[in-house]
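Hi everyone, thanks for making time for this one. I'll walk through a protein fold with you, so please have the picture in view while I talk.

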Amino acid sequence: MTQLSVGYAAMLERFPPREAVELAEYAEGRGFSGVMATDHFQPWTPTQGQSSFVWNVLTAAAERTRGDIGTGATAPTFRMHPAVVAQASATLAAMYPGRHWLGIGSGEALNEHITGQYWPEAPERINRMFEAVEVIQKLFAGSRAGRDVKHAGTHFKLESSRLWTMPAEAPPILIATAGPVTAKRAGRHVDGMITVGAPLDRLATLFSRFDEGVRESGRDLDSTSKVLQLHLSWAPTDEEAMANALREWPNAAMRFSRSDIRSPFEFEQLARLVRPEDFEGRMLVSSDPDAHRALIQRVADLGADRIYLHNAGRDQRGWIDEFSRSVLPALTR
């Protein structure tokens, strides 16, 4: 049996950029394997209090760590044209060969509405995401071959150009999804999928549909990745763990879509409706490290290749120390 690959989820909507980089370095020094960083223009709630630019933070983190680094996830659909995201990703991959992966999502109004564009329904946002992936893949492939590419699609245009800074190997593209239809579509078109913690039967369905898509594309499952961002709340007591969850990460307990909320202050009002019982089955809130270990092992056994952990408490070092002693060494692949 080998130890499972478990990374650190750098929540840039919660910690200032310098602290986020220091925490990533601290986590790696205690057994965490890599860094997934969120891409937000605003925090979910004013209490979270931050939102730094993910590409700056990933570069700084890469300088101080040796593991993998990726976005979980960026939306190349409204704030940034997919060509700009492709350039940012290719540059990071060229600077840190073999370490960077590009996580892409369809976006939330909280981050994307700032450009003043029409905010479409979910099906159009998903179609925009897949077209953005097509643009990025064209740029990666054409640039590696030393030729210009262009694109004229439903949502995006790209005049003939290429990425002049391009790594020898293009970074893997992973799509963030919470639905089975998108998971299968991702399996047909990209190198991996990302999802967040959810009931085990739902995770099993998402992983299974992604695998179906991979097989339909004619590729080997071993060439793809299934990545999980797992939110949890651990603290020395159950009471503190629950207080942290309610104050810092009420997101996990909301049983409705959050993609249309535009303001952290609007989100704060909705967060006031969250009760302790709402976390049941959605995020583990417990002072027992073994309970967290058991949950992480169960989702790994479902087929997750890499898991990135986010703890709701502000004392990240205390949590990292505890999990490095009592959780990570006991996890197996």
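Let's begin with the aromatic cluster: Tyr 8, Phe 32, Trp 234, Trp 319 and Phe 323 are linked by ring pairs. A word on what I count as a pair: rings of Phe, Tyr and Trp (for Trp, its six-membered ring) pair if their centres lie within 6.5 Å, with planes under 30 degrees apart called stacked, over 60 edge-to-face, and the rest tilted. By this rule the count comes to eight aromatic pairs. Take Tyr 8 and Trp 319: their ring centres are 6.2 Å apart and their planes sit at 35°, so we call the pair tilted. This pair links distant parts of the chain, with Tyr 8 in strand E1 (residues 5-10) and Trp 319 in helix H11 (residues 316-326), 311 residues apart. Those names come from DSSP runs numbered from the N terminus: helices are H or I with at least four residues, strands are E with at least two.

Are these two residues buried or exposed? Both Tyr 8 and Trp 319 are buried. By buried I mean under 20% relative accessible area, while exposed is over 50% and partly exposed is in between (1.4 Å probe, protein chains only).

Now a second pair, Phe 78 and Trp 119. Their ring centres are 5.1 Å apart and the planes are at 50°, so this pair is tilted too. Phe 78 is in the loop between E3 and H3, and Trp 119 is in the loop between helix H4 (109-112) and helix H5 (122-144), which puts them 41 residues apart. Phe 78 and Trp 119 are both buried.

While we're at that E3 to H3 loop, have a look at Ala 73. Ala 73 is found between strand E3 (68-71) and helix H3 (82-95), and a cis peptide bond joins Gly 72 to Ala 73, with omega about 0°. For context, most peptide bonds are trans.

Before I go on, a quick note on what we're looking at. This is a predicted model, where local features need pLDDT of at least 70 and side-chain atom pairs count only at pLDDT 80 or more, while totals for chains, interfaces and linings use all residues. Residues are numbered from 1 along each chain as its sequence is written, and side-chain values use heavy atoms, with hydrogens and water left out.

OK, zooming out. How many helices and strands does the protein have? Eleven helices and eleven strands. The C-alpha trace spans about 60 × 45 × 40 Å along its principal axes. With 333 residues, a compact globule would have a radius of gyration near 20 Å, and the protein's 19 Å agrees with that. That radius is taken over C-alpha atoms, and the globule rule is 2.2 Å times the number of residues to the power 0.38. Of the 333 residues, 53% are buried.

Contacts next, meaning heavy atoms within 4.5 Å. Of the contacts with a separation of 6 or more, 76% are between residues 24 or more positions apart.

Leu 12 is in the loop between E1 and helix H1 (17-29), and at 1% relative accessibility Leu 12 counts as buried. Leaving aside neighbours within four places in sequence, the contacts of Leu 12 include Ala 20, Ala 37, Gln 50 and Val 57. Arg 247, in helix H8 (residues 238-248), is partly exposed at 42% relative accessibility. Between Arg 247 and Leu 12 there are 235 residues in sequence, but 16 Å in space, C-alpha to C-alpha.

Towards the end of the chain, find Leu 328, in the segment after H11. Leu 328 is buried, with a relative accessible area of 3%. Leu 328 and Ser 5 are 323 residues apart along the chain, and their C-alpha atoms are separated by 8.9 Å.

Gln 297 sits in helix H10 (residues 289-302) and is buried, at 10% relative accessible area. What does Gln 297 touch, not counting residues up to four places away in sequence? Ala 330, Leu 331 and Thr 332.

Last stop: Leu 270 in helix H9 (residues 264-271), partly exposed at 29% relative accessibility.
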